[in-house]
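Subject: Structure handover

Hello,

Here is the structure for your files. My notes on it follow below.

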Amino acid sequence: MGFFVPAVWAARCYSIAATKIHSFKHSAIPTKTIQLKGTTMSWFFLMMGVMAEALSHVALKATDGFSLSKPIPALLVISGHLAAFLFLSQAMKGMPVGVVHSLWAGLAIVTVSLISTFVYRQHLDTMVWVGMLFVAAGVVMINLSQGHSH
């Protein structure tokens, strides 16, 4: 469970920074407002969630049907999923739920496919990679859209 310590620490730092920024925004000092599509920390947590999810899905194959004979891959799967949801809950503080979920799902699909190509030597045919390009294009379209600011 040592994986959760950095995640909890990062969530706490994010909470402290958000409080400081909020109190600074309401001070007497005039500031220029910069409109961002999701905060930098939200993107950081989203990417961490994608990586935790992707690694847990790659480890899922090594569990051999989640048998008790392979406890380490099973622990990686469980802790990876828990970490992914922890990271995603933090990402949703600065981005809409639908955007976080669609980006997470799309990026995780592509990431799992790329990692499994190298780890398990699973080669996908051309049509599958074309489909992955559509997923990647969808992620780009969501990121560039004006509808994802809160």
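The model is predicted: local features need pLDDT of at least 70, side-chain atom pairs count only at pLDDT 80 or more, and totals for chains, interfaces and linings use all residues. Residues are numbered from 1 along each chain as its sequence is written, and side-chain values use heavy atoms, with hydrogens and water left out.

Confidence

The mean pLDDT (the predictor's confidence in each residue, from 0 to 100) is 79 for the chain, and 71% of the residues score at least 70. Confidence is lowest in helix α1 (residues 4-25), with a mean of 51, and highest in α3, with 95. Residues 1-5 stay under 50, and the model has seven contacts for them beyond four places in sequence; a contact means heavy atoms within 4.5 Å. Residues 30-36 are also below 50, and that stretch has two contacts beyond near neighbours in sequence. Where pLDDT is low, the predicted coordinates should not be read in detail.

Overall make-up

The chain has five helices and zero strands, in the order α-α-α-α-α from the N terminus. Helices (H or I, at least four residues) and strands (E, at least two) are DSSP runs, numbered from the N terminus. Of the 150 residues, 31% count as buried. Buried means under 20% relative accessible area, exposed over 50%, and partly exposed in between, with a 1.4 Å probe and protein chains only. The chain exposes about 9,700 Å², of which carbon and sulfur atoms supply 74%; the areas come from the Shrake-Rupley method with a 1.4 Å probe, and for residues only the protein chains shown count as cover. Among contacts with a separation of 6 or more, 73% are between residues 24 or more positions apart.

Helix α3 covers residues 71-91, and its 21 residues reach 30 Å from first C-alpha to last, close to the expected 30 Å at 1.5 Å a residue. The expected span is 1.5 Å times one less than the number of residues. The buried residues of α3 include P73, A74, V77, F87 and L88.

L88 belongs to helix α3 and is buried, at a relative accessible area of 3%. Leaving out residues up to four places away in sequence, L88 touches L46, V100 and W104.

Helix α4 (residues 97-119) has 23 residues and spans 31 Å between its first and last C-alpha, close to the 33 Å expected at 1.5 Å a residue. V100, W104 and G106 are among its buried residues. The buried residues of α4 pack against α2, α3 and α5 (126-144).

Aromatic pairs

The whole structure contains three aromatic pairs. Rings of Phe, Tyr and Trp (its six-membered ring) pair if their centres lie within 6.5 Å; planes under 30 degrees apart count as stacked, over 60 as edge-to-face and the rest as tilted. F45 and F87 are stacked, because their ring centres are 6.2 Å apart and their planes are at 25°. F45 lies in helix α2 (residues 40-62) and F87 in helix α3, so the pair ties together parts that are 42 residues apart in sequence. Both F45 and F87 are buried. One aromatic cluster is formed by F44, F45 and F87.

Positive phi and an exposed ring

Which residues in the loop between α2 and α3 deserve a look? D64 lies in that loop, and its phi is near 55°, a positive value in a residue other than glycine. D64 is exposed, with a relative accessible area of 51%. F66 is found in the loop between α2 and α3 as well; phi of F66 is near 60°, again positive in a residue other than glycine. F66 counts as partly exposed, at 41% relative accessibility. After α4 comes R121, with a positive phi near 55°.

F134 is located in helix α5 and counts as exposed, at 63% relative accessibility. F134 and G106 are 28 residues apart in sequence, and their C-alpha atoms are 9.6 Å apart.

Regards
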